[in-house]
Amino acid sequence: GRFLTYTDWNLTNNVMLRDLVAGTSRPLTNNTTYGQFGYSGWSAISRDGEQVAYGWAPPRNPDELHIASLRGSGVPASHRLRQFAEGESIRPFDWSPDGKWIAVLIERVDKSSLIGLISVVDGTVRPLKSVGWGGGDKMVFSPDGRFIAYDLSVIEPRPQAQVLVIAIDGSREGVVVDDSSENNVMGWAPDGHLVFASNRSGVLSLWVVPVEDGRAVGVPRVVKENIGSSWSLGMTPSGTLYMWKRASSPYVKIAPIDLKSAQLTTG
């Protein structure tokens, strides 16, 4: 619960490590200018807090999955666990409790996505399920490491997002949150409650549902109303949830453009 990782979208596109106790941040990759040696997107810290897995897109080369140590100071050396096919991208979401697997989403060239596990030992992929382009926004292991929960958008008959749980061997899967609303995985509490964000009540709120053996064994209940964000940064072993929330409003500017030169004009 001391560290979290994020991407420096503004200056360098480095993977950054935030020390929540010291209030400091340091880069885990070595860009000195924006995208100098590559681009990062998604990252995940191992359950023991010793390592981070992150996606990396080197210039003019296929995307890669890297692992680096969080010990020490400065930019750590990283190990390239796997390189993907041209045009594929990788989202590492969570480490298994035993540290042997990383739950990932691989976006493929054919506009489909693969939910799967990547071995920390040798980088092999265990496919679990093919889904549509974009897949989901969060995947988390159950406390016992036997299941993965993920959210998946459904367009028909109306836009909504379900929460599903799948066994790590792919043997079975079931919907644990099925409602005509947007539902997004936030974390899996140590006591077995699956934590998710939902707008079913009219405002985006934090909900929990008890899950046993991969199945919901109770009805969802709200634990905090109007949370303002469905982007989870992870849950600590003690059950504290960290989440990303926009600190300022986005804005749109309108300006004339010369389409031939692709330049903004002042006229």
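Mentor: Let's begin with a term: a salt bridge is a side-chain nitrogen of Lys or Arg within 4 Å of a carboxyl oxygen of Asp or Glu. This is a predicted model, where local features need pLDDT of at least 70, side-chain atom pairs count only at pLDDT 80 or more, and totals for chains, interfaces and linings use all residues. Residues are numbered from 1 along each chain as its sequence is written, and side-chain values use heavy atoms, with hydrogens and water left out.

Trainee: How many salt bridges does a search of the whole structure find?

Mentor: One of them pairs R2 with D19, with the closest N and O atoms 2.9 Å apart. Another joins E173 and K129 at 3.1 Å, N to O. For the whole structure, the search gives 11.

Trainee: How far apart in sequence are the parts that R2 and D19 tie together?

Mentor: Strands are DSSP runs of E with at least two residues, numbered from the N terminus. R2 lies in the segment before β1, whereas D19 belongs to strand β2, so the parts tied together are apart in sequence by 17 residues.
As for cover, buried means under 20% relative accessible area, exposed over 50%, and partly exposed in between, with a 1.4 Å probe and protein chains only.

Trainee: Which residue in β3 is the bridge partner of L17?

Mentor: Strands β1, β2 and β3 form an open antiparallel sheet in that order; two strands pair if DSSP finds at least two bridges between them. Strand β2 (residues 15-19) is joined to β3 by four bridges. In β3, the partner of L17 is R26.

Trainee: Is N13 buried or exposed?

Mentor: N13 sits in the loop between β1 and β2. Its phi is positive, about 65°, although N13 is not a glycine. Most residues other than glycine have a negative phi. With a relative accessibility of 1%, N13 counts as buried.

Trainee: And what is the relative accessible area of K111?

Mentor: K111 also has a positive phi, near 70°, and is not a glycine. Its place is the loop between β9 (101-107) and β10 (112-119). K111 is exposed, and its relative accessible area is 54%.
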